Amino acid sequence: MEPRSRSFYLLAGFFALFLLFLYAPTITIAILSFQGEGGGLTFPMRGVSTYWFRDLFEQQAVGDIWGSFRRSIVLGLMVMVTTVVVSVMGGLAFRKRFKGATVLFYLIITALVIPSILVSLGVGLLFSQSGLNVHWSTSGFGAQLTWTLPFGLLIMFAVFNRFDKSYEEAARDLGASPWQTLRHVVLPIIAPSLIGVALFGFTLSYDEFARTLMVSGSYNTLPLEIYGMTTNVTSPVLYALGTLTTVFSLAIIGVFLSIALLSNRRKSRAGSDAGKGLV
Amino acid sequence: MQKLRENNTLSGWLLVSPLVTVFLVFLVLPIVVICIVSFWRATEFSIIPDFSWENYEFLFGSNVTYRVFFNTFKYALITWAFTLAIGFTVAYFLAFHVRTLTWQVALFLLCTIPFWTSNIIRMISWIPFLGRNGIANSTLLSWGVIDEPVEWLLFSDFAVILAFIHLYTLFMVVPIFNTMMRIDKSLIEAARDAGANGAQILWNVIVPLTKPGIMIGTIFVVTLVMGDFVTVRLMSGSQSANVGRLISNDIALLQYPSASATAVVLLCTVLIVIGIMLRFVDIRKEL
């Protein structure tokens, strides 16, 4: 191996600075959320305490934090399951080059690039003009899907573009029905990517703000609650809440990544039995 | 063959029917409603069906509109330049200077994790840095660079653009990294054998081959910035405006027709910008 060039160290330094830029603010508010009782929104720390976290659990003057947290999780799970199922179906469909696929593809791109506030405004107007009530589990759910589905579909397109069709042909030659081929060959092969789609579905929904703003009705999701707090809360309790939801997000990411890692490892261990020559 | 294709079309549409339903109800119909409502009139309490160009006339007749659109393009352009420079450098380092796949994946994940956490929290977390008594000011004071706290760090255009770069650089890194990983390494060896130095390889081989990734990243960043309204409100402390804020202000005042007219103009602007960019790249090939 050739020795590292000077540009490597320069670029590595740049990369380290970039990571610092990405993470330092979040770490700062994590530290500041342990601010002492009399402390403010910036340094210096006036002692170290868990006062603001306790505050979060006790007083409910600023609204319904825990209710909104619960709603965000339920909504996140709903969006996650829907995103996975609909994306897989869409991915399978797009392999067939059916008529109208191009139009649909550009619709997906439109959903991705359309300014979020238009979805919020449009869905809100649609519901109010047709006499329906907006609610986080109906209009909010649909509005979030317009954001999570394009990501799920793009991942599925990428997966199926790299999918080796000979596996399916082999299954068919062995007499598997189309459903059996899907269930026992295609789905297990794409399973790790589905974990990725699920991760996108849940976290994008859990943090989604702009598209949910006008369509969640009288019950807020957590990001909306936090947004409301930014205008009227000026104590580190805001940081405490921010730290808690970030820790929650990180835990979710950790869980999904470990599942992906484990399933990958199992696959490479169980792997192929080619060449073992049983028959 | 004809039969097979019809079969494909039928089963294809069956498979995408849930997708089509979601997009029809929550994307296409809402846009149609916005277009219709943009021709309505509003009183203080309600909106009245009508067909009038009033909202558009007001929009295009007002100086505020042009200023706000100019501001929106300014944010988009500056953010684009910075995210491109940073994103390209980071992706280049990951793709060509990190040698093992394990490290590439690990470092890449480290870049992407913030994307899965809350944007609002990430904006808020700049407050202790940029505030009047924040870390930036106290550091600069203690170094003697400045004599009194700088006021324009938080609640300014500077803060808005900093937050944009912080939030959206990832959208550059991912597509550029993706295209770079697909560059055949033998092309680079060939260039080196032919006598090209590092800078020449970068400029004449890698950059041209990375253009599709750059285009996709550009589309992401430009549309996200142009459609934003939260970042501008939070980070400028309501002192600057872009088109998104114009719309959200109208919404807050229940002026739905005028909000809709602005939204239609914004949508057309964004679609034109994307349309121009799509001429340079075939997205379907890049997946």
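A:Asp55 sits in helix α2 of chain A, which covers residues 51–58. Is A:Asp55 buried or partly exposed? It has 16 C-beta neighbours inside 10 Å, so A:Asp55 counts as partly exposed. The cut-off for a buried residue is 20 or more such neighbours. Now look for A:Val237. In sequence, A:Asp55 and A:Val237 are 182 residues apart. In space, their C-alpha atoms are 7.0 Å apart.

How far can we trust this region? The model is predicted. Within chain A, confidence is lowest in α2(A), with a mean of 76. It is highest in α3(A), at 91. For chain A as a whole the mean pLDDT is 84. Of its residues, 93% reach 70 or more.

Read along the sequence, the pattern is α-α-α-α-α-α-α-α-α-α. The C-alpha trace spans about 75 × 65 × 35 Å along its principal axes. A compact globule of 279 residues would have a radius of gyration near 19 Å. Chain A has 24 Å. Of its 279 residues, 40% count as buried. Next, consider contacts in chain A between residues at least 6 apart in sequence. Of these, 78% join residues at least 24 apart.

The domain assignment divides chain A into domain 1 (7–49) and domain 2 (64–268). Their C-alpha centres lie 30 Å apart. Where they touch, domain 1 of chain A gives 8 residues and domain 2 of chain A gives 7 residues. What kinds of residue does domain 1 of chain A bring to domain 2 of chain A? The side of domain 1 that touches domain 2 has 4 nonpolar residues, 4 polar and no charged.

Now follow one helix, α5(A). It has 14 residues. From its first C-alpha to its last it reaches 20 Å, close to the 20 Å expected at 1.5 Å a residue. How many of the residues of α5(A) are buried? The count is 12 of the 14, so α5(A) is largely enclosed by the rest of the structure. The buried residues include A:Ser116, A:Ile117, A:Leu118 and A:Val119. A:Phe127 is also among them. In general, an α-helix has 3.6 residues a turn, so residues three or four places apart point the same way. After α5(A) comes A:Gly131, whose phi is positive, near 75°.

Move to a loop. A:Phe98 lies between α3 and α4 of chain A. Why does A:Phe98 count as buried? It has 21 C-beta neighbours inside 10 Å, so it counts as buried. Compare its position with that of A:Ala111, 13 residues apart from A:Phe98 along the chain. The two C-alpha atoms are separated by 21 Å. Which residues does A:Phe98 contact, leaving aside its neighbours within four places in sequence? A:Ala93 is one of them. The others are in chain B: B:Asn8, B:Thr9, B:Gly12 and B:Trp13.

That brings us to the second chain. Chain B has 13 helices and 2 strands. Its C-alpha trace spans about 80 × 70 × 30 Å along its principal axes. The radius of gyration of chain B is 24 Å, while a compact globule of 287 residues would have one near 19 Å. Buried residues make up 40% of the 287 residues in chain B. Take the contacts in chain B with a separation of 6 or more. Residues 24 or more positions apart account for 69% of them.

Finally, see how the chains meet. The contact takes 70 residues from chain A and 69 residues from chain B. Several helices of chain A each supply at least two residues to the side that touches chain B, including α1 (6–32), α3 (65–94), α8 (178–207) and α10 (237–270). The helix α5 (116–129) is among them too. Which helix gives the most to the side of chain A that touches chain B? It is α1(A), with 15 residues. What is that side made of? Its residues divide into 49 nonpolar, 17 polar and 4 charged.

Technical notes:
Residues are numbered from 1 along each chain as its sequence is written. Chains are lettered from A and ligands numbered from 1 in the order in which they are written. This is a predicted model: local features need pLDDT of at least 70, side-chain atom pairs count only at pLDDT 80 or more; totals for chains, interfaces and linings use all residues. Helices (H or I, at least four residues) and strands (E, at least two) are DSSP runs, numbered from the N terminus. The radius of gyration is taken over C-alpha atoms; the globule rule is 2.2 Å times the number of residues to the power 0.38. Two residues are in contact if their C-beta atoms, placed from the backbone, lie within 7 Å. Domain bounds come from an automatic or database domain assignment. Ala, Val, Leu, Ile, Met, Phe, Trp, Tyr, Cys and Pro count as nonpolar, Asp, Glu, Lys and Arg as charged, and the others, Gly among them, as polar. The expected span of a helix is 1.5 Å times one less than its number of residues. pLDDT is the predictor's confidence in each residue, from 0 to 100.
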